[in-house]
Amino acid sequence: MAPREEGQISDDARDGEDDMDVGKGRRKGRGYDRSRSTHERDDAKGEYETVDGDDAGGSANDPVRSVEGWIIVVDGVHEEAQEDDVHDAFADFGDIKNLHLNLDRRTGFVKGYAFIEYAEKKEAQAAIDAMNGVELLDAPLSVAWAFIRGATRRR
């Protein structure tokens, strides 16, 4: 076997030339198809999967289901409220799967909002309808869906 000169490609490396265009820079990786032109690749319209379920379809302001349930956000929670206070107020509408009542690290008081997760959409909707505007510990609550679908962009 003859010694290689500097800049010469070995026979093993030459086998990999199928993965790149010599002289045009590297063109390899997932999705690269040499048989299609660059213009065709850039203009290709992809088919994407969607998550079907209880919230499929609908308008831009419809709620979106999380992985485990339906999440509402409660704003205006009094800074001295305890988790039990919020849980007791919202437990009448259904089984609460999860409740997040975030605290301010510096003061130790509630930041003023909570996230409540229900298993069923109708339970969450009942809580929104009944508790929006109601006072809890002398603080008026604002209750809404935590996640809504939002407007879709058309390309």
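Asp88 is exposed, with a relative accessible area of 52% (exposed means over 50%, buried under 20% and partly exposed in between, using a 1.4 Å probe and protein chains only). This is a predicted model, where local features need pLDDT of at least 70, side-chain atom pairs count only at pLDDT 80 or more, and totals for chains, interfaces and linings use all residues. Residues are numbered from 1 along each chain as its sequence is written, and side-chain values use heavy atoms, leaving out hydrogens and water.

**Around Asp88**
- Together with Glu83, Asp84 and Asp92, Asp88 forms a negative surface patch (patch residues have over 30% relative accessible area and no salt bridge, with like charges joined within 9 Å).

**Around Glu123**
- Glu123 sits in helix H4 (residues 121–131).
- Although buried, Glu123 has no salt bridge, meaning a side-chain nitrogen of Lys or Arg within 4 Å of a carboxyl oxygen of Asp or Glu.
- For Glu123, the nearest side chain of opposite charge is Lys122, 6.5 Å away.
- Leaving aside residues up to four places away in sequence, Glu123 touches Phe93, Gly94, Asp95 and Tyr118 (contact means heavy atoms within 4.5 Å).

**The chain as a whole**
- Four helices and six strands make up the secondary structure, in the order α-α-β-α-β-β-α-β-β-β along the sequence.
- Of the 155 residues in the chain, 21% are buried.
- Among contacts with a separation of 6 or more, 59% join residues 24 or more positions apart.

Note on methods:
Patches are made of residues with over 30% relative accessible area and no salt bridge: like charges are joined within 9 Å, nonpolar side chains (Val, Leu, Ile, Met, Phe, Trp, Tyr) within 5 Å. Accessible areas come from the Shrake-Rupley method with a 1.4 Å probe; for residues, only the protein chains shown count as cover. Lys and Arg count as positive and Asp and Glu as negative; His and the chain ends are not counted. The place of a charge is taken as NZ of Lys, CZ of Arg, CG of Asp or CD of Glu. Helices (H or I, at least four residues) and strands (E, at least two) are DSSP runs, numbered from the N terminus.
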